[in-house]
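Let's go through this one by asking, again and again, how we know what we say about it. Have a look at the picture before reading on.

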Amino acid sequence: MKKLYILQNIIKSPIVAVVRADNAEQAVRISKACVEGGITNIEVTFTVPDADEAIARLRHEYPQIKVGAGTVLDKVTARLAILKGAQFIVSPSFDEEIVKLCNLYQIPYIPGCETITEMVKAMSHGADIIKLFPGSTFGPEYVKAIKGPLPDINLMPTGGVSLDNINDWIDNGCIAVGVGGKLIEPAKDENYQEITRLASEYIQKVKDKVRT
């Protein structure tokens with residue numbers, strides 16, 4: 001049931017903020033700015049020093065949102081993230097040991113894949129959502145091509161998602177999108193209010209799409 005609840009939240013609010021930062025404190029500040037803008041799914045990448053501590057803080061301070069770990073390359077990191085409270089695990093590629101661990105803990109696993117061969121392998125091992133990565137290499141039209149032979153695949157593109165094309169990704173069959181650089185870029189100037197504004201724009205785009 002825990003896994004189902006987490007997946008339902010991602011589908012219901014289909015924007016995942018991908019948070020990269022220079023340190024854990026900055027990652028928390030970026031995440032808070034995103035939450036204030038209405039985003040309820042936060043992915044703290046393990047390129048952030050002490051990412052596990054940022055995840056633990058966010059879980060404690062924002063129990064109403066879903067906090068995941070990104071750039072998870074091995075099962076040791078995955079287990080550390082889960083023990084610190086991560087509610088979903090995201091990898092840049094598929095790893096059999098990670099998916100086994102996530103299934104054991106009933107945590108959704110979202111591996112990065114490019115080709116249909118990679119996607120089928122990940123799905124057959126129990127991956128819940130496939131991260132189309134890097135999305136900027138393919139574009140929204142690629143999703144339509146994938147959904148032909150794999151109509152039941154759950155896709156989440158990351159990389160190349162913007163305010164201009166977010167609805168194109170959803171229209172072509174993605175259940176969610178990962179938004180990183182274009183959303184959190186203002187953190188370079190410590191302009192967290194701008195991150196909140198951008199987050200609310202992404203949320204409004206999706207809401208408008210649902211209404212139409």
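Helices here are DSSP runs of at least four residues, numbered from the N terminus. One thing to keep in mind: the model is predicted.

Q: How many helices and strands does the protein have?
A: By that way of naming things, the protein has 11 helices and eight strands.

Q: Where do Lys100 and Glu97 lie?
A: Both sit in helix H5, three residues apart, which is about one turn of the helix.

Q: Why is the meeting of Lys100 and Glu97 called a salt bridge?
A: The cut-off is 4 Å between a side-chain nitrogen of Lys or Arg and a carboxyl oxygen of Asp or Glu. For Lys100 and Glu97 the N to O value is 3.8 Å, so the pair passes. As for the idea behind it, side chains of opposite charge can pair when their charged atoms come close.

Q: What makes Glu97 partly exposed?
A: Buried means under 20% relative accessible area, exposed means over 50%, and partly exposed is in between. Glu97 comes out at 35%, so it counts as partly exposed.

Q: Why can we say that the pair Glu61 and Lys32 ties together parts that are apart in sequence?
A: Glu61 lies in helix H3 (residues 51–61) and Lys32 in helix H2 (residues 24–36), so the pair ties together parts 29 residues apart in sequence. Glu61 is partly exposed at 34% relative accessibility, and Lys32 is partly exposed at 23%.

Q: What makes Glu96 and Lys121 a salt bridge?
A: The closest N and O atoms are 3.9 Å apart, which is within 4 Å, so the pair counts. Glu96 belongs to helix H5 (residues 96–105) and Lys121 to helix H6 (residues 116–124), so parts 25 residues apart in sequence are tied together. Glu96 has a relative accessible area of 32% and is partly exposed; Lys121, with 42%, is partly exposed too.

Q: How many salt bridges does the structure hold?
A: The structure holds 11 salt bridges.

Q: Is His125 buried or partly exposed?
A: At 31% relative accessibility, His125 counts as partly exposed. His125 lies in the loop between H6 and E6. If you skip neighbours within four places in sequence, its contacts are Phe94, Glu96, Val99 and Asn103.

Q: How do you know that the buried residues of H8 are on the same side?
A: In helix H8 (residues 140–147), Pro140, Val143 and Ile146 are buried. They cover an arc of only 105 degrees around the axis, which puts them on the same side of H8. These buried residues pack against H6, strand E6 (130–132), helix H7 (135–138), strand E7 (155–157) and helix H9 (166–171).

Q: Which residues have the most contacts inside the largest nonpolar core?
A: That core has 64 residues, and those with the most contacts inside it are Ile15, Ile30, Ile39, Ile42, Ile89, Met119 and Leu183. Beyond neighbours within four places in sequence, Ile89 is in contact with residues including Ala69, Val72, Ile98 and Tyr109. A second, separate core of 11 residues includes Ile6, Phe88, Val90 and Met156.

Q: How do you know that the radius of gyration agrees with a compact globule?
A: With 212 residues, a compact globule would have a radius of gyration near 17 Å; the protein has 16 Å, which agrees. Of the 212 residues, 53% count as buried.

Notes:
Residues numbered from 1 in each chain as written. Predicted model: local features only at pLDDT ≥ 70, side-chain atom pairs only at ≥ 80, totals over all residues. Heavy atoms only, no water. Helix = DSSP H or I, 4+ residues; strand = E, 2+ residues; numbered from the N terminus. Buried < 20%, exposed > 50% of the residue type's maximum accessible area, 1.4 Å probe, protein only. Core = buried A, V, L, I, M, F, W, Y, C linked by side-chain atoms within 4.5 Å. Contact = heavy atoms within 4.5 Å. Rg over C-alpha atoms; globule rule 2.2 N^0.38 Å. Arc of directions from axis to C-beta.
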